[in-house]
Amino acid sequence: MDRDARETKESGKRIWTWLFNPFHFIAGTKALTAGLIVLLLSGAGAWAIAGHFDGVLDFHVGFQGDWWLPFAEILIDWVVLSVCLWIVARVFIRQPFRAVDLFGTQALARFPTLGMLLPFFFPPVKQATVAISMGMSPNSPIAFLVLAISVFWVFGMLIWMVWLMYQAFSVSCNAKGGRGIALFAAALLTAEVLSKIAIMSIMPPT
């Protein structure tokens with residue numbers, strides 16, 4: 001393999017790692033700073049499209065609440081999951097790790113939420129979403145198709161986000177193999193329930 005081919009291969013591997021496991025390159029306060037920016041941008045984007053991250057694994061569009069609610073929701077999602085992962089790491093892994101690495105990488109792992117928001121800035125998708133939220137059908141087969149594609153896109157972003165969350169946990173807490181996956185899954189499901197309870201407690205009365 002010549003030098004150019006090796007460099008191209010290494011560049012491809014580096015890009016792949018940045019997309020699917022960037023936590024080998026960034027952690028600690030840098031990850032926390034970048035992650036907080038991601039959370040703020042996600043909250044602002046959700047507010048702009050009347051979207052809600054109403055659970056660690058949930059994203060819905062169509063309910064317009066107070067301006068601060070999307071920001072509070074995504075912060076709750078991040079903190080609740082990070083705390084659950086911190087607890088299982090302390091109890092079951094018992095190896096030294098830094099809380100700033102865990103919390104920082106979990107915040108950064110949510111950057112696919114920006115991708116979730118993107119389709120709903122396009123008027124046809126937004127109009128079809130509003131129609132469904134009001135109990136009506138999209139006004140044309142094309143609008144329905146566009147909305148269906150957007151739903152699959154959002155689901156893909158969600159899978160990417162969960163993968164990044166696991167990688168962040170694995171790297172930060174040295175939680176690998178089947179045991180690491182099981183601990184992550186248990187913490188994720190617990191956090192999903194707790195985050196929904198916390199968010200429901202701050203929802204304004206209807």
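I searched the model, which is predicted, for salt bridges and found three.

K196 belongs to helix 8, whereas D58 sits in the loop between strand 1 (51-52) and strand 2, so the pair links parts of the chain 138 residues apart. I then checked accessibility: K196 is partly exposed at 29%, and D58 is buried at 17%, because the cut-off for buried is under 20%.

I next recorded R110 and D77, paired at 4.0 Å from N to O. R110 lies in the loop between helix 4 and helix 5 and D77 in helix 3, so this bridge ties together parts 33 residues apart in sequence. Both residues are buried.

The bridge between D101 and R98 has its closest N and O atoms 2.9 Å apart. I noted D101 as buried, at 13% relative accessibility.

The largest core holds 51 residues, and F59, M116, M165 and F169 have the most contacts inside it. Helix 7 gives the largest share, 13 residues. I listed the contacts of M165 beyond four places in sequence; among them are V56, L81, F184 and R110.

Of its 28 lining residues, H52, D54, F59, H60 and V61 are the closest to the centre. I sorted the lining into 18 nonpolar, five polar and five charged residues. Helix 7 again supplies the largest share, here six residues.

Technical notes
Residues are numbered from 1 along each chain as its sequence is written. This is a predicted model: local features need pLDDT of at least 70, side-chain atom pairs count only at pLDDT 80 or more; totals for chains, interfaces and linings use all residues. Side-chain values use heavy atoms; hydrogens and water are left out. On a 1 Å grid over the protein atoms alone, a cavity is a set of points where a 1.4 Å probe fits but cannot get out, and a pocket is an open set with protein on both sides within 12 Å along at least five of seven lines; lining residues have an atom within 4 Å of a point. Helices (H or I, at least four residues) and strands (E, at least two) are DSSP runs, numbered from the N terminus. Ala, Val, Leu, Ile, Met, Phe, Trp, Tyr, Cys and Pro count as nonpolar, Asp, Glu, Lys and Arg as charged, and the others, Gly among them, as polar. A nonpolar core is a set of buried Ala, Val, Leu, Ile, Met, Phe, Trp, Tyr and Cys residues joined through side-chain atoms within 4.5 Å. Buried means under 20% relative accessible area, exposed over 50%, partly exposed in between (1.4 Å probe, protein chains only). Contact means heavy atoms within 4.5 Å. A salt bridge is a side-chain nitrogen of Lys or Arg within 4 Å of a carboxyl oxygen of Asp or Glu.
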